[in-house]
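Thank you all for coming; please have a look at the structure on the screen while I talk, and keep your questions for the end.

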Amino acid sequence: MTFQAPKGTFDWLPPRSEQVLAVREALVAPVRLAGYGYVETPVFEDTQLFARGVGESTDIVSKEMYTFPDKAGRSLTLRPEGTASVVRAVLQHNLHTGQLPVKVWYSGSQFRYERAQKGRYRHFWQVGAEALGSEDPALDAELIVLAAQGFASLGLTDVRLLVNSLGDKTCRPVYRAALQDFLRGLDLDDDTRARIEINPLRVLDDKRPEVQAQLDGAPLVVDHLCAACKAYHEEVRSLLTASGVAFEDDPRLVRGLDYYTRTTFEFVHGGLGSQSAIGGGGRYDGLSEMLGGPPLPSVGWALGVDRTFLAMEAEGLLPEAAPGRVQVYGVALGDDARRRMFHLVAELRRAGVSADMAFGGKGLKGAMKGADRSGARFALILGERDLAAEAAQVKDLTTAEQTEVPLARVVDVLKGKVQ
Ligand code: AMP
């Protein structure tokens, strides 16, 4: 019997796995330059953290969580997103009592029981950045600029940035009531009617054409912003404009998590079909209090690493052939030569030269095939006669040129050649 990866999951294998690591590095490079520090939180948390933090009425909490009891009967959940855990960690370790904002980034697996399709998985990778404890439009703008830089550094061009403001605890309830009034007058199914009462903003996000067709005259949050939210939003927008980051106002942008206030944004890519969001985030001024903490106005984002990779593929930005895994590949013939080669490759690695060798007692032909397949630039060949002469053959696999090198000098010579 053989096993398959669970539905909605997949394996990253070389060489794509190496490329996706590079994508992840590129996405976080700008935030590291901006003073964000790395945090790593557990992959599972107390279920209530997400129920309260993400919101009971969201699809994530009501339908998509991987929740299980542990052996002591605690209810745990595989994390569906990173922000609630970051806020929990900041509060638990009192980071918010030091210098503010607390700036952190994270990277890792997220789990959501979603309807699997291309670009939408049950296990996926995000990188995220959060700035906690400060209410400053420059921080919202900084994070948006840093995400835009990450995408741009990968060469992505078919990216649009959508921004909106969801208001705060003063103006949001007024807007919510106006929206509910409007939605109650529409022809909608029972589930959607129920959603009007729990989370009316999510109805705006309903992708079904029959729903969208009725939403034309829906009240927009931009028209209900209080003066403070309006001024805040204008400042974020003008900082973005001054930074040369192109964006579009999207008054319908709501997003699937309950904790957002004021600034929300999403990056969408033109080559991905229906699962077009490659990243998004916003301000979540009330989340800390929802988790029992003090007021801690904060802003953050999460970028989808898998989707960013698909976007790069769509734009033809991934190199055709993967670069070689090692620079030198050892081919040894006979037991004594193999033992010597084992130590030579170790020495090469210590000297900073990446090296591999043929294993499994292959003959010359098989071992040379291995050298070719490895993508290495040089083969280091050691036969019994070479060994007796304390020498080895260094073969340049691109030109087929071969030179004899004394064993005592092999590491230095190869080090010089690969630099
Ligand atoms: P969210 O945490 O829902 O705001 O998502 C942030 C980003 O994570 C999205 O813009 C996507 O790029 C990515 N993402 C969210 N859900 C999935 C999923 N099921 N599969 C792959 N990527 C996802």
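**Domains, contacts and backbone**

The chain is assigned a domain 1, covering 16-171 + 225-314, and a domain 2, covering 328-418, where the bounds come from an automatic or database domain assignment. Between the C-alpha centres of domain 1 and domain 2 there are 48 Å. Before I go on, please keep in mind that this is a predicted model, in which local features need pLDDT of at least 70 and side-chain atom pairs count only at pLDDT 80 or more, while totals for chains, interfaces and linings use all residues. Residues are numbered from 1 along each chain as its sequence is written, and side-chain values use heavy atoms, with hydrogens and water left out.

Let me begin with the aromatic rings. A pair of aromatic rings is described by the distance of the centres and the angle of the planes. Here, rings of Phe, Tyr and Trp (its six-membered ring) pair if their centres lie within 6.5 Å, and planes under 30 degrees apart count as stacked, over 60 as edge-to-face and the rest as tilted. How many aromatic pairs does the structure hold? There are eight aromatic pairs, and one of them is made by Phe10 and Tyr121, whose ring centres are 4.8 Å apart and whose planes stand at 65°, so this pair is edge-to-face. When I name helices (H or I, at least four residues) and strands (E, at least two), I mean DSSP runs, numbered from the N terminus.

Are these two residues buried or exposed? By definition, buried means under 20% relative accessible area, exposed over 50%, and partly exposed in between, with a 1.4 Å probe and protein chains only. Phe10, with a relative accessible area of 32%, is partly exposed, whereas Tyr121, at 14%, is buried. Phe10 and Tyr121 also belong to one aromatic cluster together with Trp12 and Phe309.

Rings can also be found with a charge over them, which is counted if NZ of Lys or CZ of Arg is within 6 Å of the ring centre and within 35 degrees of the ring normal. The charged end of Arg122 is placed over the ring of Tyr113, 4.0 Å from its centre, and Arg262 lies over the face of Tyr232, 4.6 Å from the ring centre. Arg262 belongs to strand β9 (residues 261-269) and is buried, because its relative accessibility is 6%.

Staying with the backbone, which residues are joined by a cis peptide bond? Pro14 and Pro15 are joined in this way, with omega about 0°, and Pro15 is located in the segment before α1. Leu100 and Pro101 are also joined by a cis peptide bond, again with omega about 0°, and Pro101 is in the loop between α4 (83-92) and β5.

Now to the charges. Side chains of opposite charge can pair when their charged atoms come close. A salt bridge is counted when a side-chain nitrogen of Lys or Arg is within 4 Å of a carboxyl oxygen of Asp or Glu, and the structure holds 26 salt bridges. Among them is the one between Asp140 and Arg283, at 2.9 Å from N to O; Asp140 is in helix α5 (residues 137-153), Arg283 is in strand β10 (residues 277-283), and the two are 143 residues apart. Asp140 is buried, with a relative accessible area of 0%, and Arg283 is buried with 0% as well.

Another salt bridge joins Arg340 and Glu390, with the closest N and O atoms 3.2 Å apart. Arg340 is in helix α13 (residues 335-350) and Glu390 in the loop between α15 (384-388) and β15, so the pair ties together parts that are 50 residues apart in sequence. Arg340 is partly exposed at 31% relative accessibility, and Glu390 is partly exposed at 40%. Finally, salt bridges that share partners bring Asp59, Lys63, Arg195, Arg202, Asp205 and Lys207 into one network.
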